[in-house]
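Hi,

Here is the structure I said I'd pass along.

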Amino acid sequence: MEEVKKVKKPRGIAHLIPGKCIACGARCQSDCPEDAIEMNDKGEPIITAVKCIGCKRCVKICPAQALEMYFTPEEQKILDTMTDKAPEEAEVVEPGLKEYRGVWIFIEHTEGKPATVSWELLGEGAKLAKTLNVELCSVVIGENVEHLCQESFSYGASKVYLIDAPVFHHYRTETFFRGICYLVEKYKPEILLMGATGMGRDLAGAVATKLQTGLTADCTGLDIDEKGYLLQTRPAFGGNIMATIMTEKTRPQMSTVRPHVMELAKKDPSRIGAIVRESIDIREEELPTRVIEVIEDASGDQLDLAGAEIIVSGGRGMCGMENFSILQELADELGGSVGCSRAAVEAGWMPPERQVGQTGKTVRPKIYIACGISGAIQHLVGMQSSDLIIAINQDRNAPIFEVATYGIVGDVFQIVPAMTERIRELKSKKGGSPKNGSSNNGPSGKE
Amino acid sequence: MFIYISTIIFAVAILLFCWSCYKRFRLLMLGKSVDRFKDFGPRLKNVIFYVFGQRCTVNHGYRFGWNHLVLFWSFMFLLIANTEFLFEGLFPDSVSFSMLPVSLYILIEIASVLALLAVCIAMLRRLAFPPSYIEARSMDAFVILGLIALLMVAFFGLHASEIAKGELEATFMPVSNFVASTLFSDVKQETLNDYIEAFWWLHAIVLLAFLNYLPYSKHMHILTGIPNVFFKSLTKVNTQIREDFKKGNVFGVGQINLFTWKDLMDSYSCTECGRCSDNCPATNTGKSLNPRLVIHDIKANLLKNGPFFDNKKAPVLPLIGKGGEGSVSEEVLWSCTTCGACMEVCPVSIEHVPKIVDMRRNLVEMNAKMPGELLTFFESMEQRSNPWGIVPSDRVKWATDITVKPFEAGKTEYLFYVGCFGAFDARSRKVSLAISKILDAGGISWGILGKDELCCGDSMRRLGNEFVFDRMTKDNIKILTDKGIKKIITQCPHCFNTLKNDYRQYGLELEVIHHTELINNLIKAGKLPLNVNGADLGNVVIHDSCYLGRYNGLYDVPREVISSVTGRAATEMDRCLEKSFCCGAGGGRMWMEEEGKRINVTRVEEALKKDPKTVCVSCPYCLTMFEDGLKSTKADDKVQVLDVAEIVSMGLK
Amino acid sequence: MLVITCVKQVPDTTQVRVDPVTGTLIRDGVPFIINPYDTHALEEGLRLKEKYGFRTVVISMGPPNTEVTLKKAIALGADEAVLLSDRAFGGADTLATSQVLSEAIKKLGEKEEVAIVICGRQTIDGDTAQVGPGIATRLGYSQLTLVDSIESVDLKAKKIRVRRKLEGRHEIVEAKLPAMIAVLKEINSLRYPTVPMRLMAEDSKATLWDNKIMGLQETTIGLKGSATQVRKIFSPQRASGEIIGEGLKDPKEVSRLLIDRLMEKHVLSL
Ligand SMILES: Cc1cc2nc3c(=O)[nH]c(=O)nc-3n(C[C@H](O)[C@H](O)[C@H](O)COP(=O)(O)OP(=O)(O)OC[C@H]3O[C@@H](n4cnc5c(N)ncnc54)[C@H](O)[C@@H]3O)c2cc1C
Ligand SMILES: Cc1cc2nc3c(=O)[nH]c(=O)nc-3n(C[C@H](O)[C@H](O)[C@H](O)COP(=O)(O)OP(=O)(O)OC[C@H]3O[C@@H](n4cnc5c(N)ncnc54)[C@H](O)[C@@H]3O)c2cc1C
Ligand code: SF4
Ligand code: SF4
């Protein structure tokens, strides 16, 4: 026994597993205490073996598990004989963090009209609060927005922090951000969630910076780990990878959450809770920004293609101008816009500014529905980086199916109306008015 | 007294003419230098072939080409007579008509009659069957034709009166003699003296007027036509010259003096015959481009701005822009498909395409002005080396279902250069598969570069983005030489032309072969087991690719292949071979939106007149254009478009 | 007066593929480009320069090879490029990134007054859209995100008027200068560099500021100054190439299957 102990435990040398590095931004390099790592032009580490002291810091920090320790066969032999494991370093939790408690949801609204994502967040927040065994609270800021407090309760909040004053009539970064920072500093929540909408992302970025805490953007999954930390999962790299992100050392743990992803909380109007009224002194004169005018966009067919989140596109397979109305109906139900292939423009069915493709517009919506479009390369270049592509075509061999996430082999004139029908059916089941669906969530993550 | 007056008048007129010519010549010298003097022999041959043979005038089915041939040759003889006349006017005492051998008289007589006839026909034709453009009936033409006619009339009048007076031996002058005997037989001797004097002066004045009018009219081609053919490019104009990317240089042509002197001479030589525009796909589909007007505007710009340059002042008329006559608009420049039809039919060998590309270069390289669609196209080409910005690893997707070997130096003979269409475009990928099947069947040793293949850069060069083309070419050449590639099979005629003719300027000599040519060789060598008429293709109509045909002279190859596979000759469209009508995609037009009547639709309609079941092409651009055109004319259910390779692969045993 | 444009060099993620077998990213041959939104930010900076006579400076925090990207900005017409590069800046999250960028902006502001900082809406790799608000907050500038048009700049009154694109509506906002604006792609169409400018840019150099020059506390920058930690990266389950209701004849049934699938995958919620 004595003898074995004298043998020094080999530490090995860090090395890169080819193909695994995602070029995260040189985390390994910046954590290496010995400056043993240089980055190449592809953003991958080159480890200088003689400098590496085998401290494993890079291996631990690498989010892609792209680094591992390398041992020579002799070293490996020694290792195999050693059974005792070095004790795991105990994590030190900063003492101040324990003070922060509770899950907060920011209730987004435009002039009193709530965004659906807020209720989705209450649904998700409830799960987190339950695991942590803490309170679920809403934050409502605006002018004449008290009705949102009751709505928050009915969606599961047990407490609402309310700031109601004329200066909050329009959303403005300065006012809202000061309001939230004030509340957070006073009441110290451990988790603060907002919708990853235009407003949410504008606000969260400012709040997190002011509070000097971590913020995870556009999450699609939230969870609590065994130590009680929030695990935030989000897509990055254009949706090609998922990353799990944590905020370990600062509080609150903030994230913006992608709309449509979390399940909507069950509404129960009978629920009640406590309203905490707060006010903060902000004078209009000292504010740097003023909203001069609000211009409502024309709806439906005039919606701009480039910014649309959902595009229903038709090609020569639509057979005539009049048939585009079935696409318009579907688009209206989805809150989307109608596009087309060049063939449809050529035939005079659609105006040129609706053309998607090489000599038309390049679009990147969340959902692109190609109806009666064969998928010529000139069309594909304009839409193939859409998040999700649905193709409806009679011809099983049409190239459009090569890029489609979901394909339907069939007749557009039967499928499209049936889809519209199904959506209407689902909407009426939910009891909501047919239009309040996806359309009130603010522009989110992508364009 | 008379003697002095005539000497003075003649001297002044001739000096004036020389002065005009000199002024024109000085303007030419504003142009940049270019070497067009080497290879005297071949140049002389060109002159004989094109000028004295009037090859381009007579060919190409122009009804009145023969008339020009007659006029031209008459002029050649009259040149002699009139030179002599000028001498006589200048030095009345020393020289006389009798110095010429008598036998020449008869020739001159015949030439004069023919010229008179030709002039009449020309005038009548301008009245009865005017050319497609309105200015052809302008006064300019009638003035010139009238002067020539008058000259002939004076010539016969002079000689006839001299014969009548007995001053001239009539034996070798049958026409003048005839005139003398019919018209002047009763005229008194003294009056005849007046006649002689009057006709002499008429002849003198008309000749001198003609001489001095010439440099200012479109008939300047009488002076510059021959030298222009002499200086013409000795090879097919299938490439454009390189640019030197040094700081401080100016790129492309945005000002008239940045053209070469040969470009400027081209503009002087334009006969305004309008053949180029008659064959231009853009002009024919109502686009604003008209190659004749481009050349005309260059000339007008030179005449207007030239004097200012001469005095080192700023030009007054923009070369590119909306300045009216003398300016070429941007829209015009972007409409060209670089199909080369204009250059093919031009009787004085004007090179239109390089000028258009030069002006595009100015727009792109100096001013970054271009149609919006090209911005993304340029970015994709520069960053991803393909037109659509697709990731290079997708270049091998076409071959997922077959086994393809990478090219290995020493082991593989041919590189199959698939090209961007062949690699990425769903339709053309089928052609790539057909080619690989044939190559295997023919026992060819071939390989591909896969994801390392780069775009050849054809469209970049034609669109005037020479800077990026230059870089792409250098990258490409590095890969090709590093991999030890000597022989290349291309699928696309554009890759073919670029690798073969453009890359040569970079010192890279490759054996480039288009797939149709290779297939033809294999068939001829009996290496492809074919089932003649194995596939049901029906009536096969053939369409020539501009870059294969006009650019590289490969007309027979696809035809031979088709007839060996189908057992009979392909059906020709009305416009075929040298006069084939472009599909509309070349010159970077593939990447731009087309307004108005589409070129491809026009061509498809032409093909449909022949009632085909199959249209056979040999270029991925043509393939796309025909498929699209057939769909828009709703003929796609009756007619299919196939590449030559597909036809062959269907016929393989 | 300065307009400062923040640009980030990013891998062209639209070209990234995921290996279907191993689930790892295929980055081979994927080039680094200027973040597409930032090209519009730069363009807007250049337009402001042309209209109001600002000097345009581009700044970027990134590895040394970012210089290539910055040269492109110079070729397009930027007056100066500053590259913030240091080992200590590596591994930064948005908090640490905005720290370095805002300190650099302050430093530039010592010599010449800063009027406007322009950022892209978001990047295509990190995708957070948080750096712009971070900079604005740290510097106390007016924060204007989602801008799709700059209506006017009043240099005397030190005001800027922009249009912001929100869901279903636009908003005209007036703000005091200095301001940070984060722009959408719709704000302008890009220009193409001329050859003389490219040749000029080839010989130009970006000013390099490392942490010796910046002198920032190590605990506020890079990995150490980051409040978030990326724990794990994995590839998403990507549905692709699936034919819904293969062989089914009834369109109603097929549509139901599709819509249900979309709901189940949370791409659609009603
Ligand atoms: C210079 C140039 C630029 C171009 N730029 C663009 C561009 O920007 N954008 C663009 O889109 N194209 C562009 N094209 C055109 C492109 O090449 C294709 O011709 C075009 O995209 C085809 O349109 P399509 O798919 O609608 O028609 P088609 O290719 O004719 O396809 C129609 C499809 O509909 C299907 N179909 C028919 N009836 C039904 C039915 N009842 N139910 C279901 N399916 C049915 C058929 O199976 C077929 O697949 C360009 C072409 C050129 C030459
Ligand atoms: C997989 C993964 C996930 C990540 N998730 C998070 C996360 O959730 N939260 C978080 O805080 N960090 C996260 N990061 C870190 C983040 O990507 C980096 O901090 C990055 O430096 C800035 O964020 P961004 O790319 O999202 O920029 P954005 O905030 O989207 O950028 C907005 C604008 O800011 C400017 N800008 C941004 N970066 C720079 C720069 N380096 N130089 C100049 N201008 C710049 C540009 O104008 C840009 O258009 C993540 C990193 C990885 C690899
Ligand atoms: S930490 Fe990992 S992913 Fe990041 S650069 Fe280093 S090896 Fe690559
Ligand atoms: S090359 Fe073709 S398109 Fe261009 S001007 Fe000549 S004939 Fe017209």
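Below is what turned up, going chain by chain and then through the charged pairs.

Some housekeeping first: this is a predicted model, so local features need pLDDT of at least 70 and side-chain atom pairs count only at pLDDT 80 or more, while totals for chains, interfaces and linings use all residues. Residues are numbered from 1 along each chain as its sequence is written, chains are lettered from A and ligands numbered from 1 in the order in which they are written, and side-chain values use heavy atoms, with hydrogens and water left out.

**Chain A**

Chain A has 13 helices and 22 strands (helices, H or I, are DSSP runs of at least four residues and strands, E, of at least two, numbered from the N terminus). Its C-alpha atoms fill a box of roughly 90 × 60 × 40 Å along the principal axes. Of its 447 residues, 57% count as buried (buried is under 20% relative accessible area, exposed is over 50%, and partly exposed is in between, with a 1.4 Å probe and protein chains only).

The chain is split into domain 1 (13-90), domain 2 (103-286) and domain 3 (305-430); such bounds come from an automatic or database domain assignment. Taken over C-alpha atoms, the centres of domain 2 of chain A and domain 3 of chain A are 35 Å apart.

**Chain B**

In chain B you'll find 27 helices and 8 strands. The C-alpha box here is roughly 100 × 60 × 45 Å, again along the principal axes, and 59% of the 653 residues count as buried.

An open sheet of 4 strands runs in the order E6-E5-E7-E8 (chain B), with parallel pairing. At the edges are strand E6 (571-572) and strand E8 (640-643) of chain B, each of which pairs on one side only. (Two strands pair if DSSP finds at least two bridges between them.) Strand E5 (residues 540-542) of chain B pairs with E6(B) over 2 bridges, in the parallel sense, and Val541(B) stands opposite Thr571(B) in E6(B).

Now go to the start of the chain. Tyr4(B), Ile8(B), Val12(B), Leu16(B), Trp19(B), Tyr22(B), Phe25(B) and Met29(B) make up a nonpolar surface patch, with about 860 Å² of accessible area together. Patches take residues with over 30% relative accessible area and no salt bridge, joining like charges within 9 Å and nonpolar side chains (Val, Leu, Ile, Met, Phe, Trp, Tyr) within 5 Å. The areas are Shrake-Rupley values with a 1.4 Å probe, and for residues only the protein chains shown count as cover. One member, Val12(B), sits in helix H1 (residues 2-28) of chain B and is partly exposed at 45% relative accessible area.

**Chain C**

Chain C is assigned domain 1 (2-220) and domain 2 (239-270), and their C-alpha centres lie 41 Å apart. Gln122(C) is in the loop between strand E8 (114-120) and helix H4 (131-139) of chain C. Gln122(C) counts as buried, at 5% relative accessibility, and its side chain makes a 3.1 Å polar contact with that of Arg121(C). (A polar contact is a pair of N or O atoms within 3.5 Å; within protein, one must be able to donate a hydrogen and the other to accept it, and residues adjacent in sequence count only if both atoms are side-chain atoms.)

**Salt bridges**

How many salt bridges does the structure hold over all chains? There are 83, each being a side-chain nitrogen of Lys or Arg within 4 Å of a carboxyl oxygen of Asp or Glu.

- Glu124(A) bridges to Lys127(A), with the closest N and O atoms 3.4 Å apart. They are 3 residues apart in helix H5 (residues 116-132) of chain A, so about one helical turn separates them. Glu124(A) is buried at 8%, whereas Lys127(A) is partly exposed at 48%.
- Arg575(B) and Glu606(B) meet at 2.8 Å, N to O. This pair links distant parts of the chain, 31 residues apart: Arg575(B) is in the loop between E6 and helix H25 (599-608) of chain B, and Glu606(B) is in helix H25 of chain B. Arg575(B) is partly exposed at 25%, while Glu606(B) is buried at 6%.
- Arg256(C) and Glu253(C) meet at 3.0 Å, N to O. Both are in helix H7 (residues 251-264) of chain C, about one helical turn apart.

Finally, salt bridges link Asp358(B), Arg361(B), Asp458(B), Arg461(B), Arg462(B), Glu466(B) and Asp502(B) in a network.

Cheers
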